[in-house]
Amino acid sequence: MNGPGIGWYVIVAAILFATGAMGVMLRRSPLIVLLSLEIMLNAGNLTLVAFSRQAGNLDGQIFALAVMAVAAGEVAVGLGLIVAMARRRLALDVDQASALRG
Amino acid sequence: MIDTPSVDWLALSPTLALLGASAVALLVAVLLPAWMRKGVAAGATFLGFALAAVLAGVVYEDTPRPEALLANSMYRDRLAALAAVVLAVIGAVVVLVSWAERRRDNHGEYYALLAAAGAGMVFFVGAGNLMTLFLGLEWFSISLYVLVALDTDRATSLEAGLKYLIVGGFGSAVLLFGSALVYGATGELGFSQIAAAEAGQDAFLVAGLAMILAGLAFKVSAAPFHMWTPDVYQGAPTSVTAFMSAATKTAALVLTLRLLVTAFPEESEIWTVAVAVIASVSMVWGNLAALAQRDVKRLLAYSSIAQAGFMLIGVAAYSERGGEALLYYLVVYSAMSVGAFAVVAVRERELAKPVTLEGLAGLGWERPLYGLALWVFMLGFAGFPLTGGIFAKLFVFSAAYDSGDWWLVLLGVAATAVSLAYYLNVVRWLYMRTAAGTPLVAVGGSPPHDPAVGVAVAACAVVTVGSFFVVQPILDLASEAVDSLPF
């Protein structure tokens with residue numbers, strides 16, 4: 001294999017995954033949270049594609065393509081929810097969504 | 001010339017029947033006049049679920065030994081077929097529960113999403129590689145995110161939907177990354193190929209296994225991955241909660257069993273311990289937190305976390321008996337859970353506000369049959385005789401004991417004892433006289449008589465009690481289903 005070794009890809013993906021996970025946990029705007037979820041999914045995609053090259057079969061790349069489609073669907077639903085909340089003038093802040101607790 | 005793969009349409013037929021029902025319900029929302037929409041959409045969805053149950057039954061009869069389909073991406077076996085029957089019956093009962101739900105004019109969308117979620121689950125339980133696992137999981141999860149948030153005029157429904165989306169998406173991403181690591185370690189995606197592969201980088205494999213397990217535990221709503229459950233169960237429309245609590249758990253637990261046993265037999269020493277720990281944390285935390293709840297849907301949510309813990313004991317046992325115990329437990333649990341939420345839905349429609357324990361007061365006198373049914377479900381959850389709940393618990397405990405996990409048995413018995421407090425508390429509130437002069441009539445008057453939900457509750461009660469008397473037939477079915485796994 002030309003280019004950097006597999007370890008580097010995994011390290012980049014792990015950093016991406018951690019960035020996304022921190023974003024989901026720390027940021028308050030649901031839009032940024034959705035974005036962070038995307039970053040997490042793409043960390044998985046990068047790993048899949050890198051390992052697919054290493055393993056010499058295409059399973060991982062096909063998986064990554066399918067994940068992209070699914071991620072788009074998930075974001076569409078998330079944005080729809082955010083629009084519905086904005087229409088009802090609910091605060092777009094994850095920390096303030098606390099009517100349900102106990 | 002490229003060979004076109006031959007597709008086993010019969011094995012896919014339950015999924016396709018539900019997808020068809022979903023398409024019909026969605027078209028109904030656009031093409032038919034408003035007054036016909038509810039009836040046609042609900043009818044089509046009910047027929048879809050019924051057809052899926054029958055077709056899955058045919059697949060069960062017709063598949064004496066497991067087969068791998070479509071480049072090993074799907075399994076056609078009795079485990080998937082039995083789980084599909086259970087899921088389809090849950091779906092059909094939930095259609096009955098949903099019938100009288102007050103909603104804006106979005107019946108078509110509601111039933112379309114319900115059928116789509118059911119189709120995703122039926123697909124999911126037959127998954128044979130990590131890709132179909134992820135796709136099936138997202139398929140039903142995305143449908144459920146929308147279903148939870150469907151009452152857009154209630155702020156709590158939207159809040160629950162957003163929370164479920166964020167936490168569910170997080171769980172899926174963890175599962176995906178874990179799948180990628182397992183793929184990296186073995187170069188394979190198929191479950192049986194992963195088991196056969198020489199694990200190259202062991203650290204990747206174990207880390208991936210841990211992340212996949214965590215991702216599935218989010219869906220099973222086992223502690224410590226349960227934090228979304230109470231909020232979402234409370235905020236979602238009650239009929240959706242009924243569906244989620246029974247069907248999502250069934251699908252996720254069956255797949256957890258299949259994945260761990262098929263793909264990771266070499267690592268069984270690791271995952272049996274991990275699953276046992278998750279099970280014990282769920283039992284302890286679910287039962288203790290349920291003691292403090294006033295809202296009945298929230299209480300049942302914590303109860304479902306605890307029940308997930310009991311069911312995971314069957315997985316942790318890593319034996320055929322454990323698998324049988326899990327399947328038996330799932331049948332009984334699904335009936336009790338759908339039934340209990342259905343009674344809550346009835347009460348909620350009557351009071352036109354969320355049901356607290358105080359809101360249940362007097363239900364046993366005002367509506368004796370619903371009260372009796374809820375009583376049966378609570379006793380079943382607690383594991384009393386004359387309901388299948390007792391055998392469900394006994395079977396998982398004996399499976400755990402056979403595998404040497406005696407400490408899980410002790411913890412389970414202790415957790416059951418604690419759970420008596422809140423289950424019996426619900427029964428106590430049912431027969432509490434309401435404070436003098438407090439009218440319990442709904443703001444908008446009593447809702448119209450609704451035989452559909454009555455039929456649903458009766459069916460759930462029959463299964464709950466019936467499973468006590470016909471243990472052996474259910475166990476035989478479960479044992480043939482578990483035979484398709486390589487123990």
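Leaving aside neighbours within four places in sequence, with which residues is Y164(B) in contact? The tour reaches that residue at its last stop.

**Before starting**

This is a predicted model, in which local features need pLDDT of at least 70, side-chain atom pairs count only at pLDDT 80 or more, and totals for chains, interfaces and linings use all residues. Residues are numbered from 1 along each chain as its sequence is written, and chains are lettered from A and ligands numbered from 1 in the order in which they are written. The model scores ipTM 0.92 and pTM 0.92.

**Stop 1: select chain A**

Chain A contains 3 helices and 0 strands; helices (H or I, at least four residues) and strands (E, at least two) are DSSP runs, numbered from the N terminus. Along the sequence the pattern is α-α-α.

Colour chain A by burial next: 36% of its 102 residues are buried. A residue is buried if 20 or more other C-beta atoms lie within 10 Å of its own, exposed if 12 or fewer, and partly exposed in between, with C-beta atoms placed from the backbone.

**Stop 2: show both chains**

At the interface, 33 residues of chain A are in contact with 37 residues of chain B; two residues are in contact if their C-beta atoms, placed from the backbone, lie within 7 Å. On the side of chain A that touches chain B, α1 (6–26), α2 (30–55) and α3 (59–87) of chain A each supply at least two residues. The largest share, 13 residues, comes from α3(A). By class, this side of chain A has 23 nonpolar, 7 polar and 3 charged residues. Here Ala, Val, Leu, Ile, Met, Phe, Trp, Tyr, Cys and Pro count as nonpolar, Asp, Glu, Lys and Arg as charged, and the others, Gly among them, as polar.

**Stop 3: select chain B**

Chain B comprises 20 helices and 2 strands. Its radius of gyration is 21 Å, close to the 23 Å that the globule rule gives for 487 residues, so chain B is as compact as a globular protein of that length. Of these 487 residues, 64% count as buried. Among contacts in chain B between residues at least 6 apart in sequence, 80% join residues at least 24 apart.

Now colour by pLDDT, the predictor's confidence in each residue, from 0 to 100. Chain B averages 88, and 96% of the residues score at least 70. Within chain B, confidence is lowest in strand β1 (residues 67–69), at a mean of 80, and highest in helix α5 (residues 130–148), at 94.

**Stop 4**

From first C-alpha to last, α5(B) reaches 26 Å, close to the expected 27 Å; the expected span is 1.5 Å times one less than the number of residues.

Then centre on Y164(B), in helix α6 (residues 155–186) of chain B. Y164(B) counts as buried because it has 26 C-beta neighbours inside 10 Å. Leaving aside neighbours within four places in sequence, Y164(B) is in contact with Y145(B), V148(B), W228(B) and V232(B). Finally, display L144(B), which is 20 residues from Y164(B) in sequence and 8.8 Å away in space, C-alpha to C-alpha.

Technical notes: The radius of gyration is taken over C-alpha atoms; the globule rule is 2.2 Å times the number of residues to the power 0.38.
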